Structure formats: structure tokens, C-alpha cells
Amino acid sequence: MSEPLFHALFDQAERRPLTVSELTEAVRRALEARFSSVWVEGEISNFNAHSSGHWYFTIRDEGAQLRAKCFRSANTRIRFRPTDGLHVRARGRVSVYAPRGEYELIVEALDPVGAGALRVAFEQLRDRLRAEGLFAQELKRPLPVFPRRVGVVTSPTGAAIRDILNVISRRTRTVHVLFSPARVQGEGAGRDIARAIKLLNEHHDRALRESRKDDLVNVLIVGRGGGSSEDLWAFNEEEVARAIRASVIPVISAVGHETDFTIADFVADLRAPTPSAAAELVAAQEDQICSALEQLGQSLSRLMRFKIMEARTRVQEHALSQVSEEVRGRLNAARTRTNSATHQLQILMNQATSKI
């Protein structure tokens with residue numbers, strides 16, 4: 001037997017047993033040091049969204065399972081809600097839950113496998129809001145025929161606001177624009193859009209209470225220009241959808257290009273394929289009526305010219321007719337008699353004055 005091993009048999013320090021807590025803590029430190037950031041792929045089961053906001057679930061495959069939890073501070077950044085049976089790829093750190101002596105994965109990021117996270121999030125929110133009735137057709141409000149003031153929610157630096165102002169200034173002379181700028185992309189953009197919608201509604205409510213009719217906002221345009229699904233994501237956020245539905249002012253959604261669809265399109269009163277098309281809708285009635293009036297004016301002018309020509313023709317025909325000659329003869333005879341009577345009257349008056 002080797003000397004170190006022989007002494008170790010009688011060394012009290014070596015023979016002191018570890019407590020369960022000490023061993024668990026040592027294992028925890030070793031696991032966290034070794035697996036401080038690891039990706040794990042598997043199927044979710046036993047998913048539980050706790051009232052605290054934390055998520056608890058199991059990730060498993062054919063041969064093993066791993067308990068996992070995702071704290072509220074982390075899952076608020078995850079754009080979809082996990083469900084049992086969903087195949088995912090999770091990133092996190094391995095740790096030990098001491099009270100049960102179980103190792104677990106503390107999840108910091110979660111992505112679906114086989115379908116994009118954005119697509120899953122979009123479909124989940126769409127289905128949930130549809131089930132609540134937010135997309136119901138009977139909730140859709142008609143646009144005003146002659147809007148006097150249009151509220152616009154978009155980026156102050158994007159092409160959308162320029163396109164909207166250009167169309168409105170070109171197509172109408174009576175519509176005024178009230179602009180509420182908002183970020184339309186990136187972290188916090190959805191919250192900013194919802195805030196801008198509420199701000200315009202508050203302005204409208206104040207004007208209504210104070211009987212300032214000229215300051216009422218008749219319709220809102222909420223949108224932005226085109227971009228990737230990631231760029232347009234703010235318009236798929238629940239906060240924006242609920243702000244649109246809560247708006248007392250009718251809302252036109254105008255997000256991206258014609259092929260882009262967002263949650264905002266489903267919940268809005270009317271969808272326009274582009275911001276320019278939304279502005280066209282706002283100005284359409286006035287433009288149509290102006291065109292109709294112009295056409296009616298032209299038709300009236302043509303009709304008046306026709307009537308004048310027709311009357312002139314009838315006068316010329318009467319002037320050349322036999323009846324006209326007879327009338328002219330009678331008038332001449334009457335003029336002759338009148339002249340003769342006038343002459344006789346003048347003679348009689350002269351005679352009368354000479355006797356005086």
C-alpha cells in the first residue's frame with residue numbers, strides 16, 4: 001500500500017463525510033461552471049405557466065428528460081408561448097434545484113424547431129384574439145364620408161408619413177393631418193405605437209367634451225412602410241391590437257406592402273395595402289365628388305350651349321316664315337297709323353295754342 005493512501009486512512013479530514021447540502025452545492029458549482037451556456041433540443045411536456053409569471057416544463061427525447069424553468073424576466077422576451085408537444089431548441093445554464101436534488105436547465109432563450117418563432121407567435125396570438133372576438137365583422141366601423149382631420153401614427157423619419165402627406169395634399173383641399181409619431185421597429189416599438197393611438201384618442205375626447213368640432217379626429221391611419229417580418233413585428237404585438245380595438249376613432253391599418261399581413265390588419269376597421277393607399281381611401285370621397293361636380297358642370301355647359309343654339313334656330317325659322325311676314329306687315333301698318341295720329345295730334349295742339 002502506498003504511503004499517501006495509508007496515511008489517508010487515518011486522516012480525520014479525509015474521512016469527514018460531506019453533508020447532502022455540501023455535496024449538492026459542490027455539484028451545482030461544478031455543473032454551472034461546466035455548462036454555463038448550453039443549447040438543448042427536445043420536445044416540451046408538462047408545460048405550466050405559473051401565476052408568478054415563471055414557466056416550468058420538461059424537455060425530453062426518446063431516452064431522457066430534463067426539467068427546465070424560464071423566469072418571467074426572460075420569458076417576456078420570448079415571442080411565442082410554449083405548448084406541450086412543441087419541438088424546441090433551448091439555451092440556458094445547467095443548475096441544481098437543491099430541495100429536490102434535481103439538476104435543471106435555467107432557460108434564457110427558446111426557439112421552435114421546424115417553424116419560425118415569429119410564425120408560431122403570430123398564429124398563437126391571431127387564434128387567441130379571434131377566439132375573443134376582436135376580429136368580429138360586426139365591430140368594424142365605416143369610415144366617415146368627409147373626414148376633416150386624420151390622425152397618423154407612424155415613424156417621423158420613415159417614407160410612410162411623406163407618402164401620406166403627399167397623397168392627401170394632392171387629392172384633397174379640406175383634410176387636415178394630426179401626426180402622433182412613434183417608433184415602428186425594434187424593442188418597445190409596440191408599446192410606443194399603442195401610446196400614440198391612445199394619445200390621439202385622448203385629444204379627440206377632449207375636443208368632444210369641449211365642443212371643439214374642428215379639432216375632432218375622424219379617422220386614424222396606423223402603419224409603416226415595408227420590411228422583413230422582424231421589422232414589421234411591432235404591429236403583431238397584443239398591446240397594439242388591443243389599442244386599435246379600444247380606439248373610439250375608426251382605424252385604417254397600413255403596414256408594409258400588399259402581401260404583408262399583421263395582427264393589426266385583422267383588428268383594424270379597414271386594411272390598406274400600403275400607407276399611400278390608406279391616404280387614397282381618406283381622400284377618395286372628396287376627390288370623387290369633385291370629379292363628379294366637374295363632370296356635371298361640363299355636362300350643364302354643353303346642355304346650355306345646345307339649348308341656346310336650339311332657341312336661336314327657332315327664332316331664325318320664325319323670322320323667315322310667312323307668319324313672321326304677316327306680323328311684320330301688321331307692325332308696319334300700326335307704326336304708320338301711329339305716326340299719322342301723332343302728326344294730327346301735333347296739328348291740333350298747334351291750332352289750340354294759336355287761338356289763346
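Modeller: A salt bridge is taken here as a side-chain nitrogen of Lys or Arg within 4 Å of a carboxyl oxygen of Asp or Glu. The model is predicted, so local features need pLDDT of at least 70 and side-chain atom pairs count only at pLDDT 80 or more, while totals for chains, interfaces and linings use all residues. Residues are numbered from 1 along each chain as its sequence is written, and side-chain values use heavy atoms, with hydrogens and water left out.

Biologist: How many salt bridges does a search of the whole structure find?

Modeller: One of them joins Glu32 to Arg28, with the closest N and O atoms 2.7 Å apart. Glu25, Arg28, Arg29, Glu32 and Arg93 are linked in a network of such bridges. The search of the whole structure gives a total of 25.

Biologist: Which residue forms a salt bridge with Arg242?

Modeller: Arg242 lies in helix H8, and its partner lies in helix H5, 110 residues apart; helices (H or I, at least four residues) and strands (E, at least two) are DSSP runs, numbered from the N terminus. Arg242 is partly exposed at 32% relative accessible area, where buried means under 20%, exposed over 50% and partly exposed in between (1.4 Å probe, protein chains only). The closest N and O atoms are 2.8 Å apart, and the partner is Glu132.

Biologist: Is the ring pair of Phe122 and Phe266 stacked or tilted?

Modeller: Rings of Phe, Tyr and Trp (its six-membered ring) pair if their centres lie within 6.5 Å; planes under 30 degrees apart count as stacked, over 60 as edge-to-face and the rest as tilted. A search of the whole structure finds five aromatic pairs. The centres of Phe122 and Phe266 are 6.3 Å apart and their planes stand at 50 degrees, so the pair is tilted.

Biologist: Which parts does that pair tie together, and how many residues apart are they in sequence?

Modeller: Phe122 is buried at 16% relative accessible area, whereas Phe266 is partly exposed at 27%. Phe122 belongs to helix H5 (residues 117-132) and Phe266 to helix H9 (residues 263-267), so the parts tied together are H5 and H9, with a separation of 144 residues.
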